[in-house]
Amino acid sequence: KVLFVLDGYDEISGHAEVKLYQENHLLAWPRAKLIVTCRGEHFQSEESFQMFFMPYSGNNVGLRDKLQLCYVAPFSKVQIYRYLEQYKEQNQLFPLSDAKIFLEANQDISHRVINNPFVLRLFVEIVPRLIEETAEKPERLALSRSRIYREFLEQWFNKSLNRLHLMTKESMRLKKSEDTKKFFMKYAKAFALQLFIESRTEVRY
């Protein structure tokens, strides 16, 4: 018996949609088992990824009854708050009370917004920035996943520009940091859009 573990199907170059059993000739391994991990967002529907993951018989008939689907449950509200408290233990400057204010102000959607590890990690990174913004504009307390991405990218670009200035000689430094940031942000968005259009997840150069 052989167990194949294929982690990160959604990270295959070119946004590949491959019928795993057929492409890898797994019919020749009748006693083999296959475990595949993949983000659910990679496919448009459950039916579509079943087609690529399920075994096929010798006459190319899909065996749906041989496919077992398991899902990783999203974080519960209790788990989210526990994560914030543990993050505070490791990062004493983290404004835990303010983070909870944001979540309570958006309690109808906050659980859906940050219920996976990746987005929750971004959230704790941008909380200080959110606090600074809402101090002058309380109406900006609203929270959404797109806003978390946008704020994180803004913060990341600011840090990168500061690092670039520190690494560059005084005579060569960029004079208008805000203009430079806008240029790079515009380029990054156009680049990401082109990757999406071409169904690509990476570029080699």
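Which residue forms a salt bridge with Arg129, and how many Å apart are the closest N and O atoms? In this predicted model, the partner of Arg129 is Glu151, with 2.6 Å between the closest N and O atoms. The pair links distant parts of the chain, since Glu151 belongs to helix 7 (residues 145-167) and Arg129 to helix 6 (residues 117-136), 22 residues apart. Both Glu151 and Arg129 are buried.

Confidence should be kept in view when reading such contacts. The mean pLDDT of the protein is 78, and 84% of its residues reach 70 or more; confidence is lowest in helix 2 (residues 46-53), at a mean of 74, and highest in helix 3 (residues 77-90), at 90.

A search of the whole structure finds eight salt bridges, including those tabulated here.

| Salt bridge | N to O distance |
|---|---|
| Glu151 and Arg129 | 2.6 Å |
| Arg147 and Glu151 | 3.5 Å |
| Glu89 and Arg82 | 4.0 Å |

Glu151 also forms a salt bridge with Arg147, and these two residues are separated by about one helical turn because they lie four residues apart in helix 7. Arg147 is buried, with a relative accessible area of 4%, and Glu151 counts as buried at 3% relative accessibility. Elsewhere, salt bridges that share partners join Arg82, Glu85, Glu89 and Lys100 into one network.

Within that group, the side chains of Glu89 and Arg82 meet in a salt bridge. Glu89 counts as partly exposed, at 49% relative accessibility, and Arg82 likewise counts as partly exposed, at 39% relative accessibility.

Key. Residues numbered from 1 in each chain as written. Predicted model: local features only at pLDDT ≥ 70, side-chain atom pairs only at ≥ 80, totals over all residues. Heavy atoms only, no water. pLDDT = per-residue confidence, 0-100. Buried < 20%, exposed > 50% of the residue type's maximum accessible area, 1.4 Å probe, protein only.
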